Amino acid sequence: MRKVEAADADMVIISDSLPSGEPSISPFEATTLLAALATVTDRIGLVASASTLAHQPYNLARRFASLDIISHGRTGWNATMRQNPREAANFSRPEGFSDDDFRRRAKEFIDIVRTLWVGWEHDALLFDKASGRFHDPDKMHPMDFTGEFFSVRGPLNVARSPQDSPLLLLSDLEQADFDFASRRADVVLLNEPKPPEAKAACDKLRHRAREAGRDPLSIKMLTVADARQEPDGASLEALCLASGCDGVVLTVQPHPAAFEDFSERLLPQLKRHGLIEAHPGKTLRDRLELDKDGWP
Amino acid sequence: MTPRQMKLGLFLWATGHHIAAWRHSDAHVRAGIDIDHHVKLARTAEAAKFDMVFCEDAAGLREANVQIASQTSRSIGFEPISLLSVLAVQTERIGLVSTASTSYNEPYGLARAFASLDNLSGGRAGWNLVTSASPIEAANFGATGLRPHADRYARAREFATVITGLWNRRAAGHDGESFSVRDPLDVPPSPQGAPVMVQAGASDDGKDLAARTADVVFSAAQTFEEAKAFYDDLKGRLAAYGRQPDDVKIMPGVAPIVAATRAEAQAKYDALQELIPDEVGVALLSSYLSISDLWRYPIDGPLPELPEGEGMKSRQALVIEQARRDGLSIRQLARYFAGARGHWRLVGTASQIADELQARFEGGAADGFNVMPSWFPGELDAFATLVVPELQRRGLFRTDYEGRTLREHLGLKRPIRN
Ligand SMILES: Cc1cc2nc3c(=O)[nH]c(=O)nc-3n(C[C@H](O)[C@H](O)[C@H](O)COP(=O)(O)O)c2cc1C
């Protein structure tokens, strides 16, 4: 991971190996691994996938808010909009969810987490030993939410995070999710196999963002490419241009050999070609040039 | 054979266990947002050869009244599994135990998180199973309020069965009252096989579940008699589950204040007591008594008659018993309780504190202690540099780790794999 950091990659996204029927290749659950990585790196952004079926919104909001404090503002949550067919069965929902229910539930879940993240104002903590006022009660906001799937009083019992709120990445979007994503996401991962399709998705998302009163460039679009395809500088550059994306997420299998090749050969090569550049910013939002608090 | 030695856990609580700890002039007031502070505390405990650090947890604020909450430091802190993941890579030997609720988690998810922590730490993880007694937490997980004590324990029993099954690689597939799980766990086992199971429930249901599943039991007791009764009761329940008395380590909480002389220690304690606002003390006491309007009663009068609550039944009983025994007013009781939430309080020199610990340990009322420094880092440093060496001189505590995993520190068997 330090090599990836040294090559000035902006972030790593740790996927969460959930039961796919095959034996696991990673001994670590994504958020626990992220915490460990946060203490042995100091610049790279750290994003973990976590599913809305495997967690409760209050618990997950605390986990990521803590991770953002631990990493000094380098954390993001990658939420998928597509359900893993086996997951519900391991989380006491043997009957599963219809795709439509899953999506409505995921959106409600994500909105709760985002609201919990900003429940404490930045300057809520006073730390005033003499007067005995630890925080300002007027700057702590419960959410008192009752929805279709969840009911959460709040506020979070973790302080406001250094980035205001950890980054929200959305992935596996369908057309039906575009409105939601264009309003909520800081980063969208586009899984479209071909550049023209990625470009269409990109344009549509930016267009919707503008309609929602948001700076369309404040959502970063990343297209996904497989590191095994031996991409070089020129092909990645062409991919970005053709797809209209802001960058590329390279997928690497968590095998030592694949990772070594990626971090010791591919990344330095991309850096030599000027495709990865160092950013002075401390937080992941700074690095990606995102607003501190980018949601309408 | 080496003589029996006591086990020591460090009970972390950002600024300290005394309710006014954060106001102490040398306390680290930003503890709840400072990860390096926690790393330092864990390393101090590791250098002193503690068996484990222990993180408490609640998925919600501690206090419903916002004015009172704002006069305490307890509304913010780290989520403990992320905190322990950091400690896993920043320490080498010490055990890492975190609380997590059976009421607001699913066994498959928690099994993965703790198995992962166990792998990250090379076999040093433990899970403190709680059933979560606070209505404030309940409101973050649905609209129906705190579920009855018996229901929470029924869910906890099933949770424990499923999670140990997942960790021990027993055949997958569970379809029960509260949970269903189809697949085996997708995280490989760690060097200690499965995380250590810790429990702290002291009601009848709680003790029974502990006797069946726990490797370590935390408890709260004031007097030797209370501690001994709890110890004998719990150990007595083990045979019914085919277990030996030594299979479970019982570790009552102890909140020491130590100094070179008793007078100096007493002065340190008195100074902390001065920092407690009355309303904060009364609010803390009421939350453990499962009563919302204790402030209505005259503060210098006796504790009123109270119905048995649905929260922490055992702690309620302990407080009521103490109030009666010592004839304490609400104010006196609240102030005493604010120091250590009903745990055993010791104020004295290192040798006086070691005497007391030795008496409970050798008297068959404890296998070790869960140490609750009044404020951090000062009282932990004092315990580590004054009391630990005294215990070591007496041969009551290790001078170096015997093994690598938490199970090895505690002298526990590896879990049985079917
Ligand atoms: C040392 C100690 C630590 C505890 N830590 C927690 C905790 O972190 N979170 C929690 O909800 N309960 C905690 N408890 C409370 C119990 O685990 C248990 O949930 C409570 O006592 C209710 O169960 P009971 O009625 O069986 O006692 C703790 C108790 C003790 C003695």
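Biologist: What do the buried residues of α7(A) pack against?

Modeller: They pack against α6 (178–184), β9 (187–190), β10 (220–226) and α8 (233–243) of chain A, with contact meaning heavy atoms within 4.5 Å, and with helices (H or I, at least four residues) and strands (E, at least two) being DSSP runs numbered from the N terminus. This is a predicted model, in which local features need pLDDT of at least 70 and side-chain atom pairs count only at pLDDT 80 or more, while totals for chains, interfaces and linings use all residues. Residues are numbered from 1 along each chain as its sequence is written, chains are lettered from A and ligands numbered from 1 in written order, and side-chain values use heavy atoms, without hydrogens or water.

Biologist: Which residues of α7(A) are buried?

Modeller: A:Ala198, A:Ala201, A:Cys202, A:Leu205, A:Arg206 and A:Ala209 are buried, that is, under 20% relative accessible area, with exposed over 50% and partly exposed in between (1.4 Å probe, protein chains only). Seen down the axis of α7(A), they fall within an arc of 130 degrees, so they line one face of the helix; the arc is that of the directions from the helix axis to the C-beta atoms.

Biologist: And which residues are exposed on the other side of α7(A)?

Modeller: A:Pro196, A:Arg210 and A:Glu211 are exposed there.

Biologist: Switching to the ligand, how far is the side chain of B:Ser203 from an oxygen atom of the ligand?

Modeller: An N or O atom in that side chain lies 2.5 Å from a ligand oxygen, whereas for B:Ala202 a backbone N or O atom lies 2.9 Å from an oxygen atom of the ligand.

Methods: Polar contact = N/O pair within 3.5 Å; in protein donor to acceptor, adjacent residues only side chain to side chain.
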